[in-house]
Amino acid sequence: MATVLLPIMARAYGQSGKAGLQRIVPESLRYYWFLGLTVAGIGVVASEGAVVVLYGQDFADAARAGMWMLVIAGLSTWQAALNALQISADQQAARVKVTVWSLAVNLAAGLALIPRFGLDGAVASIALTRAFVAVASWWYARRAVSFRMPIDAMARLALACALGIVAGQFAGRIAAPAVGFVLAAVAFIVVYAAATVMMRCWTPKDFDLSSSIATKLGRAGARMDVALHYLRARYAAKGGG
């Protein structure tokens, strides 16, 4: 996605300056947040079960650490949009500053937490570093370009993800351990996707993009395209998007 976003931002900045980026950044943040929540949600409902089934109960602690790493990675995915913004707006110096400071934060957090808490401390130090990078990247990006954070859309996506996690956890618990993590991931994706539609997280452009992708997926994609057109029509009838 970054390979597509960066040229788009660079072209917008070249044609319209900061005003061009102001239009693109909120949508980019929303897309990255959606994808990041997908990664985080699957990590919560399926990663532990998958590791235990594949490698045994002895790796349960490592599985929990892996789950948190997926959650941290997913919740920080939206920073990629800010990185693309900084590159497009010729703010590489800001990125270097954030990188240097993040190394310092990671080192300090690691020295403080790992000797005392071990693996949990390592995960916590990474979480603190990612949080620092998120705040610092947002601050420098806002200095370069005044953009609006899509808080409302991001909050609705987060709620949809939470519903998907509840469904995934339930499916994983009622199924046999050998297949529980698979059913958990499927339940999460289905409920998460449905919840984003019901909570009106989609826009007409989202339907158009999804439809263009579906048409390239053969028969299954054709059925998906029909469903997307139906949902878009319902959205339009109810004033959604």
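Student: How many of the 241 residues of the protein chain count as buried, as a percentage?
Tutor: In this predicted model, 38% of the 241 residues count as buried, where buried means under 20% relative accessible area, exposed over 50% and partly exposed in between, with a 1.4 Å probe and protein chains only. Local features need pLDDT of at least 70 and side-chain atom pairs pLDDT 80 or more, while totals for chains, interfaces and linings use all residues. Residues are numbered from 1 along each chain as its sequence is written, and side-chain values use heavy atoms, without hydrogens and water.

Student: OK, and how many helices and strands are there?
Tutor: The protein chain has 10 helices and zero strands, taken as DSSP runs numbered from the N terminus, with helices being H or I of at least four residues and strands E of at least two.

Student: Switching topic, is tyrosine 55 buried or exposed?
Tutor: Tyrosine 55, which is placed in helix α2, is exposed because its relative accessible area is 56%.

Student: And what about the largest pocket, which element gives the most to its lining?
Tutor: That is α9, with six residues; a pocket here is an open set of points on a 1 Å grid over the protein atoms alone, where a 1.4 Å probe fits, with protein on both sides within 12 Å along at least five of seven lines, and lining residues have an atom within 4 Å of a point.

Student: Which residues are closest to its centre?
Tutor: Of the 25 residues lining the largest pocket, the closest to its centre are Phe34, Leu35, Trp202, Asp206 and Ser210.
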